[in-house]
Amino acid sequence: MLREHFYTLPNPVPKNDTVFRTVIVLNKDHDIFKGHFPELPVVPGVCMMAIVKELLEENTGKKLMLQSTLTMKFMALINPNEHTEVEVEIKYTVNDDGTITADGIIYAGNRPYFKITKAVYR
């Protein structure tokens, strides 16, 4: 889990709201930035994917695994020295078969950094 080490939450994640928004604070001193990349640190794409999944898990109280997604876009680099706080918005539905279909976006102001649509978690 990345929470508490890679990022923190100044406010609790809403529970069981199928649409929720929260702010995360990135740890600009995390060891991952020493290798990704030493001169220009950026949040790895896999970490952005994990942030959305972890927040969805916290909201639903379920352990989840990404099964598929319609689209996943890495739209801009997040430099933790420039943007330590970013917002995450997630909209989801629980399907009859128990899977969860979600759309998520990580952004700051009007600038989107990562977007995942029709992601199916089991």
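Pro 14 counts as partly exposed because its relative accessibility is 23%, where partly exposed is the range between buried (under 20% relative accessible area) and exposed (over 50%), with a 1.4 Å probe and protein chains only. The structure is a predicted model, in which local features need pLDDT of at least 70, side-chain atom pairs count only at pLDDT 80 or more, and totals for chains, interfaces and linings use all residues. Residues are numbered from 1 along each chain as its sequence is written, and side-chain values use heavy atoms, leaving out hydrogens and water.

**Pro 14 and its surroundings**

- Pro 14 sits in the loop between strand 1 and strand 2. Strands (E, at least two residues) and helices (H or I, at least four) are DSSP runs, numbered from the N terminus.
- Phe 20 and Asn 59 are in contact with Pro 14, once neighbours within four places in sequence are left aside. Contact means heavy atoms within 4.5 Å.
- Between Pro 14 and Lys 53 there are 39 residues in sequence and 14 Å in space, C-alpha to C-alpha.

**Salt bridges**

- Side chains of opposite charge can pair when their charged atoms come close.
- A salt bridge is a side-chain nitrogen of Lys or Arg within 4 Å of a carboxyl oxygen of Asp or Glu. The count by this rule is eight salt bridges.
- One of them joins Arg 3 and Glu 58, with the closest N and O atoms 2.4 Å apart. Arg 3 lies in the segment before strand 1 (7–8) and Glu 58 in helix 2 (residues 45–60), so this pair ties together parts 55 residues apart in sequence.
- Lys 15 also forms a salt bridge with Glu 58, and here the closest N and O atoms are 3.8 Å apart. Lys 15 is in the loop between strand 1 and strand 2 (19–26), while Glu 58 is in helix 2, so the pair ties together parts 43 residues apart in sequence.
- A network of salt bridges links Arg 3, Glu 4, Lys 15 and Glu 58.

**Glu 89 and Arg 21**

- Glu 89 and Arg 21 meet through their side chains in a salt bridge of 2.8 Å, N to O. Glu 89 lies in strand 5 (residues 85–94) and Arg 21 in strand 2, so the pair ties together parts 68 residues apart in sequence.
- Glu 89 is buried because its relative accessible area is 14%. Arg 21 is exposed because its relative accessible area is 51%.
- Not counting residues up to four places away in sequence, Glu 89 touches Phe 20, Arg 21, Asp 103, Gly 104, Ile 105 and Tyr 107.

**Glu 54**

- Glu 54 belongs to helix 2.
- Glu 54 is buried yet has no salt bridge. Lys 53 is the nearest side chain of opposite charge, 6.1 Å away. Lys and Arg count as positive and Asp and Glu as negative; His and the chain ends are not counted.
- The side chains of Glu 54 and Tyr 7 are joined by a polar contact of 2.7 Å. A polar contact is a pair of N or O atoms within 3.5 Å; within protein, one must be able to donate a hydrogen and the other to accept it, and residues adjacent in sequence count only if both atoms are side-chain atoms.

**Aromatic pairs**

- Rings of Phe, Tyr and Trp (its six-membered ring) pair if their centres lie within 6.5 Å; planes under 30 degrees apart count as stacked, over 60 as edge-to-face and the rest as tilted. The count by this rule is two aromatic pairs.
- Phe 74 and Phe 114 form a tilted pair, because their ring centres are 5.1 Å apart and their planes are at 35°. Phe 74 is in strand 4 (residues 71–74) and Phe 114 in strand 7 (residues 111–121), 40 residues apart, and the pair links distant parts of the chain.
- Phe 74 is partly exposed, with a relative accessible area of 44%, whereas Phe 114 is buried at 0%.
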